[in-house]
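Take a moment to turn the model around on your screen before reading on.

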Amino acid sequence: MCNEVLRNDENHVAALYELSILQAMQGRHVEALLGLERILVSCPADERSLRFAARMSARIGDYAAARRYIYRADETCPAHPDIPWLRDLIGYMEAFPAGVADRLTQLYERDRLSTTAETIVSWASASLQRREGFSLIRLGDGEGAFCRISSDDERQYPHIYEHCRQDRARVWFNNEIDIHQSGFTETAFTLRDAIQNANVVGMPYRNWVEHEYKFCSPTGIVGLINALRVAQLPSVKRSQSWTSQLVHMDLLQKGILGNLLREHRRVSLISCLSGAAEAIRTHFELEEVTLYRIPGEKLHAAQLGAETTVGRHYPERYNELMEELAKPLHGQLFLVAGGLLGKLYCNRIKISGGVALDIGSVVDNWMGKATRPDNDPRHAL
């Protein structure tokens, strides 16, 4: 469609801009940049094209050009809120270009401690029999946005970090709380403890990181790379095993999770979906499923149902649930679907002697809720 428009008008601004986005998504970054430059010849003050040209220049490694485009964008629209974080993003991409990001993902995929869904379930089953703590947690861009590396690192990239944290928190809370005044940011920073204490950590996988670098996504690049970085810190890296962030889908699609549930018979569930407990109990023919209800992601109210988002997850329900999970939980199996805070629940469950599996959107999938692109209706209960 863009090419058809451009055959009739080779300098059509909207068509050139949309075509540049499509080319970036295909990894054709030089072509995308050339299209943006054509726009800027006829419309030198097009601030949208200036900002995107800065990202494309950084993607091909021309950081000087990227900064020139930011300077021009700042002159054109000095009050634009994207300029400060875009300036930080260019510096971040210079420190962590796509090649470095790819090598970071391979550190985990090729590590001798990398493991599979089948092995994870066998370890969890053994921990249940021994009545000792165990946790599997998974890290994505939301968790990565709150992976604090160091004070120096925070000072180096303050604007992009704030942008990413506010963006991800909007999904969870939709501006219901101030993440700083409420104490959420400080609580989220304890994610490092959950990573350090976990038995298995699901890490961002190679194709996902590659995808985010194609169009220079600020939340995707920073969130995923910081998740990869924080787990390498000497203060965090212990004897954890690594797996893919998508391990929850392996557990679902291979039927491994269902087998574990049938074997154990009694399960606890942390989820916003009240009907999930009975659906899981009936489908897997279990004796009991105990629900610990939490408010769901506010931005997904339409997909989840308005009733699932009633109440405030943080700080009210979070504090209540952390206190409930502080009691002895030896031999109890928990399925946890709670976003970033769910990782902190997993850690508390392990400390209390329970077995926690961070299965995230699997519960949405079971209940036929299309909250994630990889949800498969064939696995609805």
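The largest pocket has a volume of about 1,000 Å³. A pocket here is an open set of points on a 1 Å grid over the protein atoms alone, where a 1.4 Å probe fits, with protein on both sides within 12 Å along at least five of seven lines; its lining residues have an atom within 4 Å of a point. Points are joined across faces, edges and corners, and the volume is the space filled by probe spheres set on them. Keep in mind that this is a predicted model, where local features need pLDDT of at least 70 and side-chain atom pairs count only at pLDDT 80 or more, while totals for chains, interfaces and linings use all residues. Residues are numbered from 1 along each chain as its sequence is written, and side-chain values use heavy atoms, leaving out hydrogens and water.

Who lines this pocket? There are 41 lining residues, and Asp141, Gln245, Glu297, His300 and Arg372 lie nearest the centre. The elements giving two or more residues to the lining are α9 (141–145), α11 (158–173), α14 (206–214), α21 (339–351) and α22 (362–366). Helices (H or I, at least four residues) and strands (E, at least two) are DSSP runs, numbered from the N terminus.

Now hop over to the second largest pocket, with about 190 Å³ of space. Of its 16 lining residues, Glu109, Ser114, Thr115, Thr243 and Ser244 lie nearest its centre. At least two lining residues each come from α7, β3 (241–244) and α16 (247–253).

Let's follow α7, which spans residues 98–109. Two packed helices are described by the angle between their axes and the distance between the axes. Axes are lines fitted to C-alpha atoms, for helices over the stretch in contact, and angles run from 0 to 180 degrees between N-to-C directions. The axes of α7 and α14 come within 9 Å and cross at roughly 165°. That makes α7 roughly antiparallel to α14, a label for angles over 145 degrees. In contact (heavy atoms within 4.5 Å), Ala98, Ala101, Asp102, Thr105, Gln106 and Glu109 of α7 meet Arg206, Val209 and Tyr213 of α14.

Helix α7 also packs with α15 (residues 218–230), at an angle of about 45° and with the axes 10 Å apart.

Key. Parallel < 35°, antiparallel > 145°, perpendicular 65-115°, else oblique.
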